[in-house]
Amino acid sequence: MTITTAAKRRHGSLAKVEARQALGFASPALVGLALFTIVPVGLSIVMSFFDWPTFGARTFNGGANYLRLFEDPNFLPALRNSMVFTVLYVPLSVIFSLLLAVGLGPRIRGRGALRVLFFIPVVTPMVANVLVWKMLLQPQGLFNGLAQTWFGVELPNFLADRNWAMIMVVVMSVWQGIGYNMLIFSAALEQLPESVLEAASIDGATGFRMTWSIMIPMISPAIFFATIMTMITSLQVFVQPQMLTGGGPGNSTLPLVMWIYNQGFKFQDLGLAAAGAWILFALIITITALQFTAQKRWVHYEH
Amino acid sequence: MSTDIAVPSTKAMIAVDGDDHVDTERRSGGAPMTPAARVRLILAHVAVYVAAALFMLPLVYAFFSALKPNGEMFAMPPSLFGSEIRWSNFAEVFQFGPFWTYIGNSLFTSIAGTLVVLFVSTTAGYAFGRLRWKGRDAVFVLFLATLMVPAEVLVIPMFQVMQWFGWVDTYQALIFPFAFGAFGTFLMRQFFRGIPYELEEAARVDGAGPVRTFAQIILPLSKSSIAVLSVFTFLSFWNSYLWPLIVTVDYGSLGTLPVGLASFSGLTGTRWDLQMAASIISMIPTTILVIALQKHLVKGIAMAGLGGR
C-alpha cells in the first residue's frame with residue numbers, strides 16, 4: 001500500500017512538473033494567440049457595433065453599422081463580385097490543376113521541372129504577377145497585338161469593359177494559382193496504392209477510364225480539400241482586382257475585401273469595415289459548412 | 001472537431017528525409033509499351049509541353065519587355081526584342097525608387113517573422129504533441145478554431161491594436177501580428193506526435209529534461225517538416241501585401257517589396273519598362289527558392305498544403 005501511494009504521489013508530482021514545463025513551452029504561442037487573435041476577434045465584434053473612426057470619438061450605435069452596410073452603394077455589389085469571382089474561379093482552377101496533375105504523370109519526361117514551372121507564379125509576389133498581366137492586357141499589349149497581327153481581329157479593351165475586366169481577373173488568378181492545387185493533386189496521386197491501379201489495369205482500365213473511374217474518385221478527398229481551400233481564398237480575393245483594375249470599371253470588379261479595405265483605410269470608418277468583415281466571415285463559414293454537408297455525396301474516404 | 005485530421009506520415013518523412021528518389025521510378029517500369037500506348041505517350045508529352053509554353057508566355061514576355069526601351073513596349077506588331085537590349089533598365093530600377101530599401105525590408109521582416117514562427121510553433125507543438133497536461137486538448141481545439149478566422153477579418157481590429165501599441169509604421173508591426181497563427185503549431189504537433197516515444201524515453205532515463213530532449217532529440221528528427229514550415233512561412237511573409245499596406249504609412253523607409261512594387265508602379269507612371277524590370281527582380285529570390293527545394297515541394301505540399309497558405 002505504502003509503495004503504491006508513494007509511487008502515486010511521485011507520479012502526481014511528476015505530472016505537475018510536466019504540466020509546468022508544458023506551460024513554459026506553450027506560453028509564447030498562448031500569449032501571441034491571445035494578443036494577436038483572441039483580442040482582435042473580440043475587438044472586431046465590439047468595433048462593428050460602434051461608430052469607430054480611425055481618429056476621434058467612438059460612439060456606440062447598436063446594430064446601425066450592419067444596417068448601413070445594405071445602404072452602402074458598393075457593399076452589395078462587392079458581395080456579388082466576390083461571389084461571381086468565386087463561382088468562376090474555383091471550378092476553373094480545380095479542373096485545370098487536376099488536368100495538369102493527371103497530365104504530368106510518371107511517364108512524362110521532365111515532370112519535375114514542369115511542376116516547378118507551373119508552381120513559379122504561386123510563389124512570386126502577387127503584385128508582380130498582376131503587373132505582368134496588366135501589361136499584357138493593355139489595348140496595345142501582347143494579346144491584342146498578336147490577335148491583330150495574326151488574325152486581324154481587334155480584341156476588346158479587357159480592363160475597361162465591365163464583364164471582360166472580371167473575366168480577366170479570373171483568368172489571371174487561375175494562371176497564378178493553378179500550380180498550388182496541381183501539387184496537392186500530384187501528391188495525392190502519388191500516394192495511390194499500386195495494387196489498386198494494377199488490379200484496374202489488369203481488368204482492362206486504361207487511359208481515360210483509368211483516370212476518370214479509378215484515380216479521380218480515389219483522390220476525391222484531396223479534391224474536396226482543395227475545393228474548400230480554394231473557395232475560402234477566393235472569397236478573400238484582393239490583390240488581383242486591386243492592382244489590375246482598381247475595382248473598376250465602376251465597381252464591377254470591386255471585391256468584398258477591397259470594400260473592407262476602402263471603408264477602413266480610405267474612408268476611416270473602422271466600425272463599418274469591421275461589420276463588413278463579419279459578413280465576409282459568415283459567408284465563408286456558411287459556404288464551408290454547406291460543402292461539408294455536400295461532400296458525403298461525392299467524396300470517397302478509404303476508412 | 002477531431003484533432004487528428006490530416007495526420008502527415010511522420011515516419012515516412014523521417015525515413016525519406018535525405019533520400020529523394022524513393023518514388024521517382026514508381027510505375028515508370030512495367031510492361032513493354034504497345035504502339036498505341038507509345039503514340040498516346042508522345043501526344044501526352046506534346047500536350048503538357050505546349051501547355052507549359054503557353055503558361056510561361058506571360059513571364060517570358062515580361063522578361064523580354066523589361067529589356068526594351070520604354071517607347072517600344074506596345075509596338076505593333078509585338079515582338080520579343082526591341083531595337084536594343086537594355087540591361088540598364090534593371091539598374092535604373094534601383095535609381096528610380098528606394099528599391100534596395102524594399103528588398104532589405106522584405107528580407108529582414110521575412111527572416112525575422114520566420115524565426116518567430118519557428119520558435120513559437122515548435123515549442124507549442126511540443127507542448128501539445130508530446131507533453132501531458134490538463135486541458136491540453138481543449139486548448140488545442142481553441143487553437144484550431146482560430147484557423148477559421150481569415151486574416152481579412154483580423155486586419156481592421158489589428159490595426160487598432162497596433163495604434164494602441166504605438167506600432168504603426170514599425171518593423172514589429174510587420175513581423176509579429178501574423179506570426180502566431182495556429183497553422184505552424186498544428187503542423188509541428190502533428191509531426192511530433194509521429195516520432196517514436198522510445199527515443200524520447202531513452203533520453204529521459206538518461207536524465208535529460210524536456211528542454212534537452214526537445215532540443216537534442218525532437219528538433220533534429222524534425223528537420224524536414226521544419227524546413228517545409230520555414231519555406232512556406234518565408235514565402236507568405238515575402239509576398240504579403242494587405243497587412244504591410246495597412247500598417248505602414250511611410251513606404252519610403254518601411255515599404256516591403258510588394259508594397260514598394262505597387263507604389264513604385266504609381267511612381268513610375270508610364271515607365272512600363274521599369275515596372276517589368278522591377279517585377280522580374282522581385283520574382284528572382286522566390287523562384288530560386290522553389291527551384292532549390294523542388295524535391296521537397298510535393299512532399300511539402302502533401303504536408304503543409306493541408307492547411308492553407
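Guide: Two residues are in contact if their C-beta atoms, placed from the backbone, lie within 7 Å. This is a predicted model, in which local features need pLDDT of at least 70 and side-chain atom pairs count only at pLDDT 80 or more, while totals for chains, interfaces and linings use all residues. Residues are numbered from 1 along each chain as its sequence is written, and chains are lettered from A and ligands numbered from 1 in the order in which they are written.

Visitor: How many residues of chain B are in contact with chain A, and which helix of chain B gives the most?

Guide: On the side of chain B, 80 residues are in contact with 77 residues of chain A.

Visitor: What describes the packing of H5(A) and H15(B)?

Guide: Two packed helices are described by the angle between their axes and the distance between the axes. For helix H5 (residues 126–136) of chain A and helix H15 (residues 272–292) of chain B, the angle is about 145 degrees and the axes are 9 Å apart; the axes are lines fitted to C-alpha atoms over the stretch in contact, and angles run from 0 to 180 degrees between N-to-C directions. Among the residues that meet are Leu131(A) and Met135(A) in H5(A), and Trp272(B) and Met283(B) in H15(B). The residues of this contact divide into seven nonpolar, three polar and no charged.

Visitor: Why is His296(B) called partly exposed?

Guide: A residue is buried if 20 or more other C-beta atoms lie within 10 Å of its own, exposed if 12 or fewer, and partly exposed in between; His296(B) has 18 such atoms, and is therefore partly exposed. His296(B) lies in helix H16 (residues 294–304) of chain B and, leaving aside its neighbours within four places in sequence, is in contact with Ala227(B) and Val228(B).

Visitor: Which residues have the most contacts inside the largest nonpolar core?

Guide: They are Val127(A), Val130(A), Phe185(A), Ile260(A) and Ile156(B), in a core of 155 residues, such a core being a set of buried Ala, Val, Leu, Ile, Met, Phe, Trp, Tyr and Cys residues joined through C-beta atoms within 7 Å. Its largest share, 15 residues, comes from helix H7 (residues 162–190) of chain A.

Notes: Helix = DSSP H or I, 4+ residues; strand = E, 2+ residues; numbered from the N terminus. Nonpolar A, V, L, I, M, F, W, Y, C, P; charged D, E, K, R; others polar.
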